[in-house]
Protein chains: 2
Amino acid sequence: MNREILLKSRPVGKPTTANFEIVNSEPISLNNGELLLKARYISVDPYMRGRMSDAKSYVEPYQVGKPIEGGIVAEVVESRSPQFSPGDSVFGMLQWKLVQAVSAEKVTKLNKETAPLSYYLGILGMPGLTAYFGLLDIGKPKEGETVVVSGAAGAVGMVVGQIAKLKGCRVVGIAGSDAKVNYLLNELQFDAVINYKTITNLDAAIASACPSGIDVYFDNVGGIISDAVVAQINKGARIIICGQISLYNETTQPMGPRIQPTILKRSALMQGFIVSNYTERFPEGFKKLATWITEGKMKYTQTTLNGFDRLPEAFIGLFEGNNTGKLIVEMQ
Amino acid sequence: MNREILLKSRPVGKPTTANFEIVNSEPISLNNGELLLKARYISVDPYMRGRMSDAKSYVEPYQVGKPIEGGIVAEVVESRSPQFSPGDSVFGMLQWKLVQAVSAEKVTKLNKETAPLSYYLGILGMPGLTAYFGLLDIGKPKEGETVVVSGAAGAVGMVVGQIAKLKGCRVVGIAGSDAKVNYLLNELQFDAVINYKTITNLDAAIASACPSGIDVYFDNVGGIISDAVVAQINKGARIIICGQISLYNETTQPMGPRIQPTILKRSALMQGFIVSNYTERFPEGFKKLATWITEGKMKYTQTTLNGFDRLPEAFIGLFEGNNTGKLIVEMQ
C-alpha cells in the first residue's frame, strides 16, 4: 500500500494539520522512460506556503485534493530508463508520496561521494543555491562590509552568513532563540547575533552590532525586523529580498513604514528573486558550495523529523522557528 | 543694495512663506579668483524641501538664518579670474542672492548657442540628467516594454517619458491636471496619461493603460499613486526611486502597504539614486540630451515666474503641482 499527502484545503492564516490529508493509495505501474522512486528525504520550505494559496505568485498554486509537491531525495527502486539503475539516488521536485512513478527527465542523479544525500535538499540544493546567488549576484558584498542576515539560523541564512564570512565581511545574524544564537556565534563564527525574541531594543541592538552601518541586508523574514534593519542601511546598500516568512500567514494586506524614502536617501538597491532565475548558473553555484564543504570551509546542520506522516507537522513548524538549519523529514 | 532670501525657520509639514525671509544686504567686494555674479534664472526643485529639514539626507541641511542654496544661471558682472569675462553666463549651486561673489571654481561656463540659458536649469541641467541616468542606468528600458512615470509633467518626468519613447517603449504618464494630460498626450506623444486627481478608479485606469503590465516605473511621487503602480509590475520589473514628493511634507512616519512581498514575487528591482552619483558621466548625459534637443527629437517646456521675491511662492507651488515642466524664477 502506498501513502500520500494531499492539500485538503487552502490555509487561511497559519497552516494547521487540518489543511492536509494523509491517504493510502493504490500500487503503481511503470511506463517506459519512467522510474519507480521511493522517497528518502523530503524537504519542507517556507515558499510552499505561497503555493497553498490561490494567488498569483512565482510558482503555480497547489490544487486542492492533489498531492503537495516539493524537493525530494529518493532512491530508484525500478528503472525503465537506460540512464538510471535501481539503487541510484536522485533529486526532483516530486509529489509527497512514499512511492511514485516519474519520467526520468524529472530527476537528477546524485553523487553520494560529495556529501550526505540529505545535503541535496539544503546546502547543496535549493537553499544553498538561493544563498549563493542572492548574496553574491544581488548583494555583491565587498571585503570589510557589514552583512546582516535575518532568519540567520535557517537553511538559507546560515549559508549566507558563511559565504559572507568567506568574502571577508562583518556578519551579523538575527535569529529567534539562544540556541540558534550560540550556534551561529560559536560554530559558524558570526561576528554578532541578535535574538529578536528576547532583545528589548532591536534598533539599539542593530546599531551596536553594526558600528559601521549596514551595507548588505539579506532579508528572509520581512516585517518589523526588516523595518529596523533597513532604517540603518548605509549609502549604496543592497537589500536582497529572499523571503518574507513573517508575512506569509497574514490574512490582510500587511502595512508598515514606507521604505521608498530611505531607499531614495541612501541610494539603495532592493531586489527580489527566486533561485530559478539562476537555473543556467546552477552548476557554478553547486561546484562552489561543494568545494567549500569538502575543503571544510563551510559547516552544515539540519533538523530532521522521522516519518512520512510528520510532513504536515514539520511544515507548520517552519513558522514557529523550531528548526536550526534545514528542516527535513526522513522516511522510516 | 543687494537682496537675498534666508531660511527663517524649518518648515513643519508644507512650507509657507513664513519659513522664508527676504532681506536687503550690503554691497559686495571681490577677492582674487572670484567672480561677481548677477542671478538671471533661479531653480526651485522638490529635493530642496529635504534640505530645509534638520534630518540626515543625501545633502546637508540648510542653516536657519542663512541663504537658501540651489541651481542658478547667472551672468558674470566682474571677473577676477582669467577663465571668465564679464558677460559670460554660468551655472552653479549658488545662494539665493541677486548678486554674489563666488570662487570661479564653483561655476561652469554655459554655451548660449546650444540652447536658451534657462534650459541649463532643466533639460540640460540637473533634472534632465536625473531623467537620463535614472531611466537608462537603473530602468534599462527595452524596446516594446511599458514604462510608467509619475510626476510625468514635471521637470524630470517629461524628459523620462520622451527618452522612453525614443527607446521604443510604450509610455504611460500620471499627472495632476487635464492641461498636463493634454500636453503629454498631444505634444510629447505619450501613449496614455492618467489624471490621478479626477480618475475614479486608479487601479483600473493603470490596468487599462498598461495592457501588458509594467516593466519600468519611474517614481517621482511615492505614496498611494506608487502603491497602485507597483501592484501591477511585471516579473523582472525595475522601479526607479527618484522622488517622493507626496511624502516630503509628512510630519509623521508615512505608512503604507508593505512592498517587499511584491518585489519578491515579481523578482523586481527597486533602486534609489541622486544624480550626483553619476557626476563622472555628466558629459555623456549632457551630450546626448543636447543632441536630442538640437535634432528636434525632444521638446521642452517650463513654467516661469518673474521676480526674485517670488522664489518662496514658486518653491511652495511645487507641492501644489502648478507647474508644467521645469519651474524657474526669472530675475526682472
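I count two residues as in contact if their C-beta atoms, placed from the backbone, lie within 7 Å. The model is predicted, so I kept local features to pLDDT of at least 70 and side-chain atom pairs to pLDDT 80 or more, while totals for chains, interfaces and linings use all residues. Residues are numbered from 1 along each chain as its sequence is written, and chains are lettered from A, ligands numbered from 1, in the order in which they are written.

**Core.** I began with B:Y217. Leaving aside neighbours within four places in sequence, B:Y217 is in contact with B:V148, B:V229, B:V230, B:I233, B:A237, B:I239 and B:I240. I then looked up the largest nonpolar core, which has 202 residues. A:Y217 and B:Y217 have the most contacts inside that core. A nonpolar core here is a set of buried Ala, Val, Leu, Ile, Met, Phe, Trp, Tyr and Cys residues joined through C-beta atoms within 7 Å. Buried means 20 or more other C-beta atoms within 10 Å of the residue's own, exposed means 12 or fewer, and partly exposed is in between; C-beta atoms are placed from the backbone.

**Domains of chain A.** I found domain 1 at 2–122 + 301–330 and domain 2 at 126–276. These bounds come from an automatic or database domain assignment. Over C-alpha atoms, the centres of the two domains of chain A are 28 Å apart. Across the boundary, 14 residues of domain 1 of chain A are in contact with 17 residues of domain 2 of chain A. The domain 1 side has four nonpolar, seven polar and three charged residues. Ala, Val, Leu, Ile, Met, Phe, Trp, Tyr, Cys and Pro count as nonpolar, Asp, Glu, Lys and Arg as charged, and the others, Gly among them, as polar.

**Helix pair in chain B.** I checked helix 2 (residues 126–139) against helix 8 (residues 282–294) of chain B. Helices (H or I, at least four residues) and strands (E, at least two) are DSSP runs, numbered from the N terminus. The two axes are 10 Å apart, at an angle of about 100 degrees. Axes are lines fitted to C-alpha atoms, for helices over the stretch in contact, and angles run from 0 to 180 degrees between N-to-C directions. The pair is therefore roughly perpendicular (65 to 115 degrees). B:G128, B:L129, B:Y132 and B:F133 in helix 2 meet B:F282, B:G285, B:F286, B:K288 and B:L289 in helix 8. By class, this contact has six nonpolar, two polar and one charged residues.

**Chain contact.** I counted 29 residues from chain B and 29 residues from chain A. On the chain B side, strand 13 (255–257), helix 7 (260–265) and strand 14 (269–272) each give two or more residues. Helix 7 of chain B gives the most, with five residues. The chain B side divides into 14 nonpolar, eleven polar and four charged residues.

A:Q189 has a positive phi of about 60 degrees, though it is not a glycine. A:Q189 sits in the loop between helix 4 (178–187) and strand 10 (192–195) of chain A. A:Q189 counts as exposed because it has 12 C-beta neighbours inside 10 Å. I then turned to chain B. Phi of B:Q189, also not a glycine, is positive and near 60 degrees. B:Q189 counts as exposed, with 12 C-beta neighbours inside 10 Å.

**A:Y278.** I placed A:Y278 in the loop between strand 14 (269–272) and helix 8 (282–294) of chain A. A:Y278 is partly exposed, with 17 other C-beta atoms within 10 Å. Not counting residues up to four places away in sequence, A:Y278 touches A:L129 and A:F133.

Terms used. Angles under 35 degrees count as roughly parallel, over 145 as roughly antiparallel, 65 to 115 as roughly perpendicular and the rest as oblique.
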